[in-house]
Structures are given as structure tokens and as C-alpha cells.
Amino acid sequence: MAETDIVIEICGSSGEGTISAGEILARHMSRLGFEILSFDSYPSEIRGFGKCVAHCRISSKKIMSPGKYTDILIALNDIHSISQLSSMKENGIIIYDSNPLSFHEEDKSIAGWIEPGITAYGIPFYKLSQKAAGNSRNRNIVALGAFAALFGINDNGFKASMEQRYASKKKSIIESNLNSFTEGFRWTKNNITKLDNLFFKKPETGNAPLKRLMMNGNQAVAMGALDSNLHLYAGYPITPATKIMEILARELPKKGGIMIQTEDELSAIGHVIGAGFAGKRAMTATSGPGFSLMTELSGLSVMAEVPAVIVNSQRGGPSTGLPTKTEQSDLNLALAGGSGDSRRIILAPADVEECYKCACLAFYLAEKFQTLVVILLDFFLSNSIKNIKEPEKPDKKMLNANLAPLQDEIKDYKRFKVTLNGISPRSIPGTAGGMFIATGLEHNEKGKPCYAAETHKKMSDKRYRKLSGVLKEVPHPEWIGPKKNIKAGILTWGSTAGAAHEATLKAGESGIRAAFMRPMLISPLPVEQIKKFSDQCDVLLVPELNYEGQFAGYIAKYLERPIKRLNMVTGLPMSAEDILDEICKIAG
Amino acid sequence: MQKKDHYVIIGNGPAGNRASEIFRENDKNARVTIISDEGFPFYYRHKLLDFLSGSISDESLQVKKHLDYKKNNIRLRLGQTVTKIDPANRVLFLKHMEKIEYTSLILATGGTRSILPSLAGFEKYFSFMTNYNEALALKPALSGIKKAIVIGGDLISIKFIKMLINMGKDVSFFLCKEGFWPIELTEKMSENIASRMKKEEIKTILDDYPVNIFQTNAGYEIITENGEKIKGDIIFYFMGLKPDIDFIKGSGIDTAEGVLVDEYLKTNYKNIYACGDCAQIYNPEFKDYWISTGWDNATLQGETAALNLLGEHKIIKPVPHKIFEVEGIKVNTSWWKEIQE
Ligand SMILES: Cc1cc2nc3c(=O)[nH]c(=O)nc-3n(C[C@H](O)[C@H](O)[C@H](O)COP(=O)(O)OP(=O)(O)OC[C@H]3O[C@@H](n4cnc5c(N)ncnc54)[C@H](O)[C@@H]3O)c2cc1C
């Protein structure tokens with residue numbers, strides 16, 4: 001049976017229910033057993049009538065990237081939707097409002113821009129919403145009804161999913177939504193002749209709908225933090241990280257934890273380091289501008305060897321930049337932001353599952369290696385929703401990673417004892433006899449400030465040495481594709497990995513010797529594995545979403561070879577097609 | 001800044017296309033827009049039968065590709081229907097609720113199926129073949145048809161029957177003299193056609209007429225005036241074309257059977273011209289109007305209408321009689337001609 005792999009976009013203006021329609025659709029298709037990867041984009045300004053797009057790829061096979069070209073566009077707002085036409089497939093399908101309240105001025109109607117090859121279905125969203133709900137607010141739900149009717153999706157199942165989604169709402173709201181769905185469904189069945197050949201072929205999942213968790217990267221990070229016994233979250237709201245704070249504000253107190261909204265990001269990182277010093281797991285989440293502010297105090301975490309976790313969800317920069325556009329341009333800041341030699345641990349998840357994994361890992365590593373861990377998300381990853389299998393929760397070892405001092409070590413307690421692996425026994429304030437000085441100044445083994453060249457060297461060695469242990473804690477990067485004679489080797493990081501992985505597989509299908517590798521651990525870098533991979537590649541291609549090629553620059557010093565860069569700063573995630581194009585060029 | 005002229009053409013057939021080329025050639029800066037309610041780009045209507053029978057692809061049906069319009073900076077709006085014209089304010093209203101302003105307008109809406117009033121009540125039982133969509137819809141059904149009834153009176157129906165016979169179908173043919181199109185049949189001509197058809201073992205009914213039609217489990221049944229019962233899986237209806245102008249009526253543009261234009265193809269509005277199958281053209285010699293039809297004729301009129309709108313004074317004269325041949329039967333037609341590409 002042919003596979004289903006369909007990209008849908010719902011496009012509307014703020015307040016038209018675009019994102020919620022996308023969410024309902026994604027949830028229902030997930031219940032039907034499809035793989036889902038969705039991604040919403042919306043205007044930066046909180047108020048106003050900007051463009052909202054719910055982008056959703058629905059597939060019967062494993063998917064790793066959101067898909068560049070749209071198969072089905074549901075246009076809730078004509079003007080905004082016109083700008084989405086350029087990303088439609090040549091034989092795409094458009095569902096639009098055929099009976100708006102008034103005439104569109106010239107060129108302001110999506111139906112006026114439909115090109116041959118595209119199939120367009122005009123459905124009177126406005127009229128049907130008025131009929132079903134007495135107002136035009138439910139146009140989004142009418143559209144979902146029309147969508148279900150057009151593509152052979154059972155209406156009762158869809159309505160059951162909607163009921164579940166609206167379970168907490170008033171009965172009248174649930175009913176008006178169900179009525180609107182039914183109106184859209186019925187009208188379409190009775191009035192529209194299907195002209196396209198697109199159907200969703202139900203995946204084989206047995207009879208029971210698949211049990212999956214639908215969540216985005218931010219939710220996964222928050223869930224990972226909660227499951228890792230997070231005690232304190234301190235943060236200042238900023239797009240695209242705010243959602244993490246919102247979730248934790250609700251959930252953390254239920255588990256006896258604390259959420260503090262601080263006056264700014266400096267204070268937030270201060271709180272986190274304070275809590276970490278006190279032996280509690282603590283975290284903050286921010287984006288570029290906030291992360292820049294945190295660099296000063298984050299050095300303290302390194303120097304005073306205090307566990308701290310910062311989640312930085314990258315957006316377009318520099319400065320306040322492009323708040324609702326995705327970019328991977330804070331790598332340099334994450335690697336080197338702050339004074340002195342302050343290497344820290346950096347994790348870059350590639351997808352929603354890894355967001356959870358990295359959150360759990362971050363607390364473990366921060367605690368075990370007594371230092372700062374930065375998780376690099378980005379706008380796309382923060383907001384991309386996937387239906388994932390229930391993740392494996394952190395085990396006992398992961399939850400208790402602190403190396404407490406032994407009884408005889410307490411006698412002459414050296415908080416910063418120089419050890420073979422660089423990790424010193426760490427007493428938690430309140431431990432009898434475990435008192436020590438914690439400072440941002442260079443210090444001796446007891447923590448006493450000391451600027452002697454020998455001490456600084458010894459302590460720097462220790463702080464760097466302990467990080468090499470991290471390499472053993474994080475799974476080695478997977479090597480996808482042939483192991484020898486590779487024409488194009490793709491090496492990337494973070495959320496670009498999904499597209500790169502897919503592009504590599506597609507290239508392989510068309511006979512190109514392409515291989516792919518992506519480290520989740522960015523610092524310290526698993527140089528050995530990367531070098532082995534690189535040695536087998538004729539051309540090493542590094543695709544990433546920044547202008548300079550920050551990751552390419554970072555690995556160059558380890559690899560000492562030419563690196564081909566593929567950089568994009570469009571504000572959108574890189575697509576498999578973009579990377580595949582480049583691979584094809586390399587392969588000739 | 002002064003707004004650019006906007007030449008809008010309704011209809012993407014030979015008349016409309018030729019007009020658009022003239023506008024573009026003569027006015028490089030103006031906006032030129034073609035609006036067509038068909039979703040398929042400009043195609044040879046006379047090749048529809050070959051398309052239906054599967055002997056040509058839809059690629060070879062096309063006259064021009066969408067890209068050709070883009071290259072010439074002509075905005076082609078396909079699958080869009082004009083529902084109303086407001087000539088006083090120079091605005092068109094489209095079915096999908098968009099308004100378009102024009103400075104000059106060409107009506108080239110062609111013809112639509114014409115149904116005899118006596119059979120209008122049975123329209124829902126008929127299959128038609130006047131445009132791409134109808135051909136496309138018929139295509140999959142055709143292979144399952146064993147016995148077809150053709151109610152016809154036009155040149156297309158005769159070609160169509162030939163195609164059905166070649167495909168091994170059993171055909172019953174009502175030859176309706178009164179509605180024959182685009183010519184009138186003489187007694188002699190219809191007898192000629194009938195005898196040719198009979199030679200091909202086509203049941204041809206010449207002096208009888210459907211009075212009632214039923215849908216049955218097996219298909220359709222026609223009861224004739226003489227009480228005969230004719231059965232078939234499908235009924236094809238061909239009775240020529242009539243100007244497609246319903247949406248223009250009542251707009252203020254003068255119409256009768258077609259859009260009334262003078263010999264320069266101008267309507268009663270100085271910035272609105274009509275051409276091709278939708279126009280009803282005044283002939284000062286006969287002091288009467290004539291309705292145009294045929295591919296080449298539409299092309300010539302499209303050119304003339306556009307040139308006259310741009311300031312020339314070209315006159316359209318009825319095309320001289322031509323000999324038209326269908327299945328070896330020669331018929332005179334003033335407007336019809338086999339197209340040679
Ligand atoms: C099956 C068939 C076979 C034929 N064979 C021959 C032949 O062999 N030789 C010959 O000379 N002629 C033939 N003809 C006739 C010939 O095709 C027509 O005379 C010619 O196409 C007329 O051209 P036109 O530009 O006036 O209009 P058309 O080609 O009919 O084009 C008019 C267009 O305008 C569109 N339109 C109408 N109203 C609206 C509206 N409100 N909004 C938007 N768009 C609208 C129509 O859908 C149509 O696409 C045949 C016709 C048919 C149907």
C-alpha cells in the first residue's frame with residue numbers, strides 16, 4: 001500500500017483559531033496512528049492581526065523534518081494565505097472560504113491566485129459557521145469538517161477527538177464546535193465533487209488508536225525537568241522559551257517545587273546558581289537576548305563548580321532580532337560566552353524526544369560534573385509538536401549524581417580537591433563539617449581565593465579534565481549510511497539534524513554515497529567519532545541555520561580539512577529538500 | 001502616479017487569446033488579464049474527441065502553456081467565473097467574491113450547450129461534451145458503456161458517433177434536423193447523413209422524436225413519439241452551442257441571443273467589445289445581426305476587437321461559405337471550418 005506523507009498548512013490571522021485547528025487536526029491524526037510533526041508560526045507582537053500558520057506533516061512512516069512543500073492549504077485568511085502559495089506543491093490542494101462577508105478587493109482573494117495544477121475547493125466557512133454557531137468564530141472548525149469530508153476521514157472519530165480536546169470547556173462551547181464540524185463535513189459531502197486523488201491511508205495500528213504523547217520541544221524539556229526532580233525554576237519570559245516557564249509555573253508547585261518569575265535574566269541565573277549551591281536541582285530557560293545577559297553569572301557556575309542548567313531556545317539575532325523566527329546562531333555564545341576559560345557542557349537535541357532526553361541528561365551531567373549545562377533549543381524545536389512514545393524516565397543513578405564527600409574526606413574537607421577525573425566531592429550546605437568557601441575568584445582546593453600561577457593552572461586543568469568524562473556519559477553520535485568511500489558526508493547539529501538525516505536517506509535511495517552524523521553533545525565534542533567519519537568523506541557538508549557557519553567554524557579546528565558550509569537565515573527550519581539539493585550538487 | 005491601463009478579457013478561447021496577444025504587442029506597459037471559468041489552460045476544442053477516446057494526452061490538447069502567459073506578462077486567471085459586470089463603474093464581480101477593475105473589457109465567453117426546450121426537462125439524464133471538464137468526466141465511464149444513445153444535431157455529434165463505433169459501441173442516433181448546428185440541414189442532407197449512418201450499422205432515427213425519458217436500473221430508456229422504446233447505458237446530447245451570456249444580461253450591455261455589437265465588435269459601451277461565439281454582430285448590408293462560430297472566425301474577431309479597442313477601425317464581415325466535410329458528407333457552412341494546426 002502506498003505510504004501517506006502529506007504536509008498541511010492552516011493559515012489565518014491571529015484570533016481566527018488557526019493554531020488550535022492545527023492542534024486538533026494533529027491530535028486526531030495522531031490518534032489514527034499517523035506520525036505527526038507540526039510547527040506553528042505566529043506574529044511576534046502579542047496584539048495585532050498578524051499571520052499565523054499551523055504547519056503539520058502527517059505520515060505513515062517515520063518523519064524527521066517538517067516538509068518543505070505543502071500538499072493541502074486551508075486558507076482561513078486570504079491575504080495571509082496568498083503568501084503561503086509559493087511553498088505549495090504544484091499539484092497541491094487549497095480549501096478556502098468561498099463566501100466571505102464581503103467582496104475581496106482585486107488580488108486580495110486566494111482563489112484569484114490559483115494556478116493550474118492546484119485543486120481548489122471553495123467552502124462557505126463563514127456562512128456555515130454562522131449557521132452552526134451563530135457567529136463566525138468557528139470558521140476554523142467548519143474548515144476541519146470540510147477537510148475530513150474531502151479526504152475520507154471518519155467524522156465521528158474526529159468529533160470524539162474534539163470532545164476530548166474540549167473536555168474542560170462549557171457544554172455549549174463543545175456543542176457549537178461539534179455542530180460547526182458537522183456543518184462543514186455535511187456541506188462538503190453534499191456539494192463538492194472530489195477532483196484530487198489524495199486520501200489518508202490509515203496506518204496499520206491494529207484496532208486500538210495509538211497511545212502517543214503529543215508535545216512540543218518546550219513541553220518535553222519541562223516534562224524532562226519535572227521527571228528529573230527539578231526544584232527551582234527561575235526565569236524571565238521571552239519568546240520562544242516562555243512556554244517552559246508557563247508549564248512549570250503550573251506543574252512545579254504540585255511537586256513541591258518553586259517557580260519564580262524574576263525581574264530579569266541576571267536575577268534568574270543568580271537564583272539558579274543559588275539553588276544549585278544549596279543542593280537543589282534548578283534551571284532557567286531563555287532566548288538569545290536573555291542568554292547574553294546570563295553570560296556574566298554563568299561563569300560563576302563554572303568557576304565555583306555549581307550545577308546549573310540553562311535552556312536557550314535560539315531565535316533570529318543579533319540583539320532582540322527576530323523573536324518568532326528560528327535560527328541556530330547562539331552556538332558561539334553558548335560555547336564561549338563569558339569571561340575566562342569557562343568551558344561548559346552543551347547539549348543540542350535534534351527533536352522532541354531528545355528535548356526530553358537532554359533535559360534529564362542536563363540535570364544529571366550538571367550534578368555529576370558540577371558545572372553549567374546549556375541546552376540549545378531553537379524556535380522551531382521549541383514549537384514543533386510531535387507525537388512521541390512515552391519516554392523512559394531517568395533512573396536512580398540519573399537522579400542522584402552528586403559525589404558527596406566520604407566521612408574521612410570531611411575531616412579536612414577540600415571542596416575543590418584535585419582528583420584524577422577532575423570531580424571533587426561536593427558537600428551540600430548543612431552537611432556537618434562540610435563547610436567551604438565558594439567564590440568566583442580563582443581558589444585553592446579549599447575554595448580560598450588564590451591567584452598563584454600554579455594554582456590557576458592546576459584548577460584550570462581540573463575543570464577541563466572533568467569534562468572529558470562527559471563523553472562517556474552521552475551516547476556516541478550515530479553514523480547513518482555507508483562507512484567508506486563517502487561522496488558527501490553531512491555533519492550537523494540541533495534541529496537541522498532531522499532534515500539532514502532525511503536528505504541523506506533520500507540521496508542514498510537515488511544511489512548517491514551520502515552519510516550522516518550528528519552529535520547531541522556539542523561541548524565537549526566527541527572529536528574521535530567525528531574525525532573517523534570525516535576521514536571517510538570526500539566532501540564534508542555542514543548545514544546549519546546561521547549566517548557564519550558557527551558549527552562548521554567550531555569543528556574546523558579539530559578536523560583540519562576543508563568544510564563545505566550550507567547556511568540559511570530565512571527564519572524557517574532547513575528542509576530535507578534544501579540539503580538534498582546540495583548533496584546532489586556535490587555528487588555531480 | 002497614473003494607474004496603468006487594465007485590459008480584461010473574459011474567456012480563454014481563441015478569441016480571448018488572440019485579443020490578449022494584440023494588447024500585449026501594442027501596449028507593453030498595460031496590465032492584461034484573461035479570466036476563464038475553466039481550470040484547464042487554452043486548448044483545442046475540436047481535439048476533445050481524440051482526448052476522450054484516449055488517442056491524445058491532455059498535453060497535446062493544449063494550445064498554450066501557463067508559462068507562455070507568464071513570459072508575456074499576461075495574468076491568466078483560470079477556474080474563475082465572472083458573475084456580474086458593472087459597466088458604469090468598470091468593475092467585474094467574480095464568483096469567488098473578488099472585484100476586478102478594468103479600463104477596457106473584451107467579452108469572449110464563447111458558447112455553451114444549447115438544449116431544445118422540449119427536452120430541457122430531461123437535461124439531468126444527458127451527458128455533454130462541449131468542454132474539457134465534461135470530456136474528463138466522461139473518460140472513465142466510456143469503457144463501461146456498451147450501448148449509447150446520441151440525440152444530436154450538430155457536426156460534433158457525427159464525429160462523436162464515429163468515435164463510438166470505432167471503440168466498438170452500439171449506437172442509436174436521433175438525428176434532429178431542427179436544431180442542427182452550426183448549419184441548417186436540408187431534407188436531402190439529412191437523408192444523406194442517415195443513409196451513411198445506416199451503412200455503418202448505426203440505428204438512425206430520422207422522423208421520430210423522444211417524448212419521455214426514464215432512468216432504469218440498467219441505464220436509460222427513451223420513449224419516442226411513435227411509441228418506440230430505445231434503451232442505452234448513456235445518453236449523449238449534442239445540439240450545438242449558444243452564446244454564453246446569461247451573466248451579462250441585465251448589466252446594461254445590450255444583448256439578444258448574443259452580445260450585440262456593431263461591425264467593429266463594439267457593444268453599447270465604448271470600452272467594451274465582444275467577439276467569437278458569444279457575439280451577435282451587426283451586418284449593415286443585411287441590416288441584421290448574425291451569430292459567429294468557428295475557431296478561425298473567433299481568432300480573427302479577437303484580433304479585430306482588440307485592435308479596434310486600441311483605436312483602429314476594422315470591420316468584421318460574415319465569413320464566406322466554406323465546404324465542410326464530415327464523414328464524407330459535404331455540407332456548406334459559413335462559419336465552421338476544419339482547423340489545420
Ligand atoms: C467539441 C467541439 C468541437 C469543435 N470542433 C470545431 C472544429 O472542428 N472547427 C471549428 O472551426 N470549430 C470547432 N468548434 C467550435 C470552436 O471551438 C468555437 O467556435 C471556438 O472555440 C469559439 O471560440 P471563443 O473564443 O469565442 O470561445 P470559447 O472557445 O468557447 O471560449 C470561451 C471561454 O469563456 C469561458 N467563459 C464563459 N463564461 C465565462 C464567465 N462568466 N467567466 C469566465 N469565463 C467564462 C468559457 O468557459 C470558455 O472557456 C468545436 C467546438 C466544440 C465544443
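This note sets out points on domains, helix packing and backbone geometry in a predicted model.

1. Domain layout of chain A. The domain assignment divides chain A into domain 1 (5-191), domain 2 (214-399), domain 3 (407-472) and domain 4 (478-587). The C-alpha centres of domain 2 of chain A and domain 4 of chain A are separated by 26 Å. Their contact draws 25 residues from domain 2 of chain A and 23 residues from domain 4 of chain A.

2. Buried area between domains 2 and 4 of chain A. About 2000 Å² is buried between domain 2 of chain A and domain 4 of chain A, and 59% of this lies on carbon and sulfur atoms. On the side of domain 2 of chain A, the residues that lose the most area to domain 4 of chain A are A:Gln328, A:Leu331 and A:Ala348; together they make up 30% of what that side buries.

3. Domain layout of chain B. Here the assignment gives domain 1 (6-112 + 242-332) and domain 2 (115-239). Between the C-alpha centres of domain 1 of chain B and domain 2 of chain B the distance is 29 Å.

4. Packing of H18(A) on H21(A). Helix H18 (residues 496-509) of chain A packs against helix H21 (residues 576-587) of chain A with axes 8 Å apart, at an angle of about 50 degrees. The two helices are therefore oblique to each other, and their crossing is right-handed. From H18(A), the contact involves A:Thr496, A:Ala499, A:Ala500, A:Glu502, A:Ala503, A:Thr504, A:Lys506 and A:Ala507. H21(A) contributes A:Ala576, A:Glu577, A:Ile579, A:Leu580 and A:Ile583. Sorted by class, this contact of H18(A) with H21(A) holds 8 nonpolar, 2 polar and 3 charged residues.

5. Packing of H3(A) on H6(A). The axes of helix H3 (residues 125-133) of chain A and helix H6 (residues 171-191) of chain A come within 8 Å, crossing at roughly 135 degrees. This pair is therefore oblique as well, and H3(A) passes H6(A) in a right-handed crossing. A:Leu128, A:Lys131, A:Ala132 and A:Ala133 of H3(A) meet A:Ser176, A:Asn179, A:Ser180, A:Glu183, A:Gly184 and A:Trp187 of H6(A). The contact of H3(A) with H6(A) comprises 4 nonpolar, 4 polar and 2 charged residues.

6. Cis peptide bonds in chain A. Most peptide bonds are trans. A cis bond, however, joins A:Gly317 and A:Pro318, with omega about 0 degrees. A:Pro318 belongs to the loop between strand E11 (308-316) and strand E12 (322-326) of chain A. Another cis bond links A:Ser523 to A:Pro524, with omega about -5 degrees. A:Pro524 is placed in the loop between strand E19 (521-523) and helix H19 (527-535) of chain A.

7. A positive phi in chain A. Most residues other than glycine have a negative phi. A:Asn229 is not a glycine, yet its phi is positive, at about 60 degrees. This residue, A:Asn229, sits in the loop between helix H7 (217-227) and strand E8 (232-235) of chain A.

Key: Residues numbered from 1 in each chain as written. Chains lettered and ligands numbered in written order. Predicted model: local features only at pLDDT ≥ 70, side-chain atom pairs only at ≥ 80, totals over all residues. Heavy atoms only, no water. Axes fitted to C-alpha atoms, helices over the stretch in contact; angles between N-to-C directions. Helix = DSSP H or I, 4+ residues; strand = E, 2+ residues; numbered from the N terminus. Parallel < 35°, antiparallel > 145°, perpendicular 65-115°, else oblique. Left-handed = near helix turned anticlockwise from the far one by under 90°. Contact = heavy atoms within 4.5 Å. Nonpolar A, V, L, I, M, F, W, Y, C, P; charged D, E, K, R; others polar. Domains from an automatic or database assignment. Buried area = accessible area lost by both parts, 1.4 Å probe.
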